[in-house]
Amino acid sequence: MSLSCIIVEDLQVAADYLNRCCEKSGQLTVKGHFQAVPEALAFLNSNVVDLIFLDVEMPGATGFDLLDQIAYSPKVILTTSKPEYAYDAFEYNVTDFLKKPFTYQRFLDALKKIPPTAPEVTDNSVTETGIDHIFIKSDGKLIRLNNEDILYIESMGDYVKFVTGEKKYITHNTIKNLEEKVSKQSFMKVHRSYIINIDKISNIRENGLFISGKEIPISKAHKQEVLKRLNII
Amino acid sequence: MGSETLPNQFIFNEKMDKDTLYGLYTDDFPYIEEIFATTLQHFDADFGAVQLAFEQENIEDLKRAVHKIKPTFGFVGLLETQACCKKFEDDCSRASSFTQLTNEYTNIKNMLLEAKDIIQSEYLRLKAFNASLL
């Protein structure tokens, strides 16, 4: 395994230590170290990495702000000294949570949680896409889902949840992979964790939209595109 | 056992938790020297942010600055200092007025300055120790 990564951390000694852990592991190539979210975002807008080591509290913006704004879904390992962020970490589907300072062994344990094929999970869980439908593998069956029945698709780490008006289907896949497979006419990615059916939006607010009563966040990176696709008069 | 000195073994200041240091760096003393050096290079700026926030009576900035400097002490084995930073950070979260923080601030400020002295002196000792092994 050789993954590219960046370190987003405002404490120099912590960044140096993390950098050394990455080098020592022989599994990671550090593409950059950023002390604040805007610099990291500028880099991520023009570079793709497999993994981000991300501090939470930094000057100006938090690590979660970065996750809201990033346009794709690399794996994320949070590095913080506050265990209170564990719940948010879970909500953002991060791979692991390292409490500073952590040992090298704990660092290696976190790396082990990254699936070997994480950036390219393509297990054909979506086996066929047509203009108006897709087939997904769920519960050992191939299930046809008509585009018009799908409300949204939500990331659950290495799995995704297809939500229809009647049922939810969980299958092994990633939002990143599905973004390429679903009909671009009907669907669009609005957040690193969500692809939505455009026709199902009932209303939009400042940073979120509602589908069937469920509030779905819109990241800053996707907001302009969302507004462009809507028939606003 | 505790007072015995093994050859090529550095004995850290008693306020530094040696289990933490060995857990993080094993016995890579040149690397620990680097860690201490990096910590000292950035200490004044990070501590300055704490002082500035206090002088400006800005509780949010004070909390943020203490939060930032806090893990530094974990990396150099000063666990008591790290714990005091955590407590002060919590105090900042709970404080309804700035005056409630004045006494605690004096304590934390003294503790941070003492921590810097310890890191500085251990850095110099460690530097000499590493040089003696060359």
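This is a predicted model: local features need pLDDT of at least 70, side-chain atom pairs count only at pLDDT 80 or more; totals for chains, interfaces and linings use all residues.

Q: At what angle do helix α3 and helix α4 of chain B pack?
A: About 160 degrees, with the axes of α3 (residues 59–75) and α4 (residues 79–94) of chain B 8 Å apart. That makes α3(B) roughly antiparallel to α4(B), a label for angles over 145 degrees. Axes are lines fitted to C-alpha atoms, for helices over the stretch in contact, and angles run from 0 to 180 degrees between N-to-C directions. Helices (H or I, at least four residues) and strands (E, at least two) are DSSP runs, numbered from the N terminus.

Q: Switching to chain A, in what order do the strands of the open sheet run?
A: The five strands go β2-β1-β3-β4-β5, with parallel pairing; strands pair if DSSP finds at least two bridges between them. The edge strands, β2 (28–34) and β5 (96–99) of chain A, each pair on one side only. From one strand to the next, the twist averages 20 degrees.

Q: And how many bridges join β1 to β3 there?
A: Four, between residues 3–8 and residues 51–55 of chain A. Among the partners, A:I6 bridges to A:I52 in β3(A).

Q: Last one: is A:L230 buried or exposed?
A: A:L230 counts as exposed because it has 12 C-beta neighbours inside 10 Å; the cut-offs are 20 or more for buried, 12 or fewer for exposed, and partly exposed in between, with C-beta atoms placed from the backbone. A:L230 lies in the segment after α7 (220–229) of chain A.

Conventions: Residues are numbered from 1 along each chain as its sequence is written. Chains are lettered from A and ligands numbered from 1 in the order in which they are written. Angles under 35 degrees count as roughly parallel, over 145 as roughly antiparallel, 65 to 115 as roughly perpendicular and the rest as oblique.
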